Amino acid sequence: MDPLATTPDTTGDAAADKTADNRLAPRLRELARRTGRRYSAGHDRPLGGYLAAMTGFGAYTAALATAVRLRGSPVPDRPQPWDVVLTSVATFRLSRLLSKASVTSPLRAPFTRYVGPQGPAELHEEAEPEGGRDTVGELVTCPFCTSVWVVSTLTAGQLLWPRATRTAMGALAALAGADALQLAYGALVSRTTGDD
């Protein structure tokens with residue numbers, strides 16, 4: 001029996017699949033363009049960048065979840081109230097530190113432009129609109145956006161390295177408290193001296 005005779009001819013099937021793929025890709029691109037134009041209503045909205053950011057975030061959280069599962073770390077039935085408070089304060093402080101602080105501006109500089117000061121030791125920056133850097137620029141200058149990544153990281157850290165993560169979160173919470181005291185003291189001094 002000739003072994004070549006029993007091998008099915010898949011050359012035609014592969015060519016048909018490739019032709020179908022070649023037609024599908026332009027259709028999907030055109031559908032995405034039309035959807036983007038309709039959605040944006042004349043405004044500049046980087047939907048492709050947002051989609052890439054969502055995909056990156058999904059991959060990041062999937063990697064964290066996989067690490068937790070492989071490590072066999074026990075996942076509590078529900079978070080303890082103290083952990084929620086500590087995570088909230090630490091997330092707030094680290095998100096502002098990463099997205100607004102003067103000292104972390106070199107991390108944001110490739111994706112942003114300096115506009116001016118925005119408060120005590122914080123900067124106002126705008127996303128760089130060129131070269132696809134606008135989405136990353138928006139992400140790294142927005143404390144609300146950054147906090148989603150930070151809270152995911154801190155939550156995974158609590159499951160993977162609970163002692164070290166809680167120690168770091170405690171330090172961030174103390175820093176947030178110290179900031180609040182600095183601002184309160186500054187306001188008190190301004191009020192008592194009459195400086196505005």
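Figure 1. On a 1 Å grid over the protein atoms alone, a pocket is an open set of points where a 1.4 Å probe fits, with protein on both sides within 12 Å along at least five of seven lines; lining residues have an atom within 4 Å of a point. Grid points are joined across faces, edges and corners, and a volume is the space filled by probe spheres set on the points. Rolling a probe the size of a water molecule over the atoms shows where empty space is left. By this definition, the largest pocket has a volume of about 290 Å³. Its lining counts 14 residues. Nearest the pocket centre lie Pro 76, Pro 79, Asp 83, Thr 155 and Gln 158. Helices α4 (81–100) and α7 (143–160) are the elements that give two or more residues to this lining. Helices (H or I, at least four residues) and strands (E, at least two) are DSSP runs, numbered from the N terminus. By class, six lining residues are nonpolar, five polar and three charged. Here Ala, Val, Leu, Ile, Met, Phe, Trp, Tyr, Cys and Pro count as nonpolar, Asp, Glu, Lys and Arg as charged, and the others, Gly among them, as polar.

**Figure 2. Overview of the protein.** This is a predicted model, in which local features need pLDDT of at least 70 and side-chain atom pairs count only at pLDDT 80 or more, while totals for chains, interfaces and linings use all residues. Residues are numbered from 1 along each chain as its sequence is written, and side-chain values use heavy atoms, with hydrogens and water left out. The protein has eight helices and two strands. From the N terminus, the order of elements is α-α-α-α-α-β-β-α-α-α. Of the 196 residues, 22% are buried. Buried means under 20% relative accessible area, exposed over 50%, and partly exposed in between (1.4 Å probe, protein chains only). The exposed surface comes to about 13,800 Å², with 64% supplied by carbon and sulfur atoms. Accessible areas come from the Shrake-Rupley method with a 1.4 Å probe; for residues, only the protein chains shown count as cover. Among contacts (heavy atoms within 4.5 Å) with a separation of 6 or more, 54% join residues 24 or more positions apart.

Figure 3. Strand β1 (residues 112–119) pairs with strand β2 (residues 122–127) in the antiparallel sense, over six bridges. Two strands pair if DSSP finds at least two bridges between them. Thr 112 faces Ala 127 in β2. Arg 113 has Glu 126 of β2 as its bridge partner. Two residues lie between the strands. Ala 121 sits in this loop. Most residues other than glycine have a negative phi. Ala 121 counts as exposed because its relative accessibility is 56%.

Figure 4. Leu 86 is buried, with a relative accessible area of 8%. Thr 87 also counts as buried, at 9%. Thr 87 is in contact with Val 151, Leu 154, Gln 158 and Met 169. Leu 86 and Leu 172 are 86 residues apart along the chain, and their C-alpha atoms are separated by 9.0 Å.

**Figure 5. Two residues of helix α7.** Phe 144 is found in helix α7. Is Phe 144 buried or exposed? Its relative accessible area is 69%, so Phe 144 is exposed. Between Phe 144 and Ser 95, the C-alpha distance is 7.5 Å, across 49 residues along the chain. Leu 159 is also found in helix α7. Leu 159 is partly exposed, with a relative accessible area of 22%. Not counting residues up to four places away in sequence, Leu 159 touches Val 68, Ser 73, Pro 74, Val 75 and Pro 76. One of these, Pro 76, is also among the residues nearest the centre of the largest pocket. Leu 159 and Leu 64 are 95 residues apart in sequence and 9.8 Å apart in space, C-alpha to C-alpha.
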